[in-house]
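Subject: Structure for your review

Dear colleague,

My findings follow it, and I would be grateful if you could read them with the structure open.

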Amino acid sequence: MAKRILTIETTGHFASVALNNRQIMNDTDYSHLQEITPMIVQIMAEEDLKGEELDAVAVSRGPGSFTGIRIGMATAKGFAQIWNKPVICVPTLDGIKKRVRPGMGRCQGGFCSPTVTKIIAEYLGVPITEVRKSSADSPVVFESGKGEKR
C-alpha cells in the first residue's frame with residue numbers, strides 16, 4: 001500500500017497542500033497563515049482520511065520566504081504532534097526536482113539543478129548565487145567548464 005503523506009508547501013508566493021494524487025493551492029499572494037489550515041482540513045475531507053490514518057507529514061524547508069517556511073514548519077509540526085506522526089523536511093530544490101521527474105528524459109540527475117536553481121532565483125527575485133539548498137552554508141553555485149561562475 002502506498003504511503004499516505006500530507007505535504008505542505010509554503011516557501012513561495014502561494015501555499016499548497018497535497019495528499020495522494022490531489023493538490024490544493026491557494027490563489028492569494030502570501031496568505032499562508034490564513035489559508036493553510038483550512039486547505040489541510042479540505043484535502044483530508046476530500047480524501048476521507050483522519051490524521052491518525054496518515055503515515056507522515058512532509059513540509060518544504062526552503063530555500064524560500066522565511067516567514068512562509070516558519071508557517072509551514074509550525075503547521076506541520078503542530079498537526080504531526082496532534083496525530084502522533086513523524087515530520088519529513090524536504091529541501092525545496094529536491095521537491096521541485098522530484099516533481100519535474102529529472103530522471104526521465106533529457107534531464108538526468110544533477111543536470112537539472114542549474115535549471116531548477118535558475119527558476120527558483122527568478123521566482124524569488126534574487127541572484128542565482130543567493131539560492132541555498134538547505135542552509136546559509138549550502139550555496140548552489142555552478143561553474144562552466146572554464147571555471148566561470150554562471
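Two strands are said to pair if DSSP finds at least two bridges between them. By that criterion, β1 and strand β2 (residues 16–19) pair in the antiparallel sense, with three bridges between them. Within this pairing, threonine 7 has alanine 18 of β2 as its bridge partner. Please note that the model is a predicted one.

Overall composition

The protein contains four helices and five strands, and their order along the sequence is β-β-β-α-β-α-β-α-α. Of its 150 residues, 36% are buried. Among contacts with a separation of 6 or more, 53% are between residues 24 or more positions apart. The accessible surface amounts to about 9300 Å², and carbon and sulfur atoms contribute 54% of it.

The sheet

The five strands form an open sheet with mixed pairing, in the order β3-β2-β1-β4-β5. Because β3 (22–25) and β5 stand at the edges with a single partner strand each, one side of each has no neighbour in the sheet. On average, and ignoring direction, neighbouring strands are turned by 15 degrees against each other.

Helices pack on this sheet as well. Helix α1 touches β1, β2 and β3, and its direction makes about 20 degrees with that of β2. Helix α2 touches β1, β4 and β5, and its direction makes about 175 degrees with that of β4.

Strand β4

Five of its five residues are buried, so the strand is largely enclosed by the rest of the structure. In a regular strand, the side chains alternate between the two faces of the sheet. In β4, Ala56, Ala58 and Ser60 point one way, while Val57 and Val59 point the other way.

On one side, β4 runs parallel to β1, to which four bridges join it; here alanine 58 is the bridge partner of threonine 7. The pairing of β4 with β5 is also parallel and has four bridges, and in β5 the partner of alanine 58 is isoleucine 88. Between β4 and β5 the chain passes through α2, and this β-α-β crossover is right-handed.

Helix α2

Helix α2 (residues 66–83) consists of 18 residues and spans 26 Å from its first C-alpha to its last, close to the 26 Å expected at 1.5 Å a residue. Its buried residues are Gly68, Ile69, Ile71, Gly72, Met73, Thr75, Ala76, Phe79, Ala80 and Trp83. An α-helix has 3.6 residues a turn, so residues three or four places apart point the same way. The buried residues of α2 pack against β1 (5–9), α1 (32–46), β4 (56–60) and β5 (87–90). Asparagine 84, which follows α2, has a positive phi, near 60 degrees.

Serine 16

Is serine 16 buried or exposed? Serine 16 lies in strand β2. Its relative accessible area is 10%, and buried means under 20%, so serine 16 is buried. Leaving aside residues up to four places away in sequence, serine 16 touches Thr7, Ile8, Glu9, Gln23, Ile24, Met25, Ile36 and Met39.

With kind regards

Notes. Residues are numbered from 1 along each chain as its sequence is written. This is a predicted model: local features need pLDDT of at least 70, side-chain atom pairs count only at pLDDT 80 or more; totals for chains, interfaces and linings use all residues. Side-chain values use heavy atoms; hydrogens and water are left out. Helices (H or I, at least four residues) and strands (E, at least two) are DSSP runs, numbered from the N terminus. Buried means under 20% relative accessible area, exposed over 50%, partly exposed in between (1.4 Å probe, protein chains only). Contact means heavy atoms within 4.5 Å. Accessible areas come from the Shrake-Rupley method with a 1.4 Å probe; for residues, only the protein chains shown count as cover. The expected span of a helix is 1.5 Å times one less than its number of residues. A crossover is right-handed if, with the strands pointing away from the viewer, the path from the first strand over the helix to the second runs clockwise. Axes are lines fitted to C-alpha atoms, for helices over the stretch in contact, and angles run from 0 to 180 degrees between N-to-C directions.
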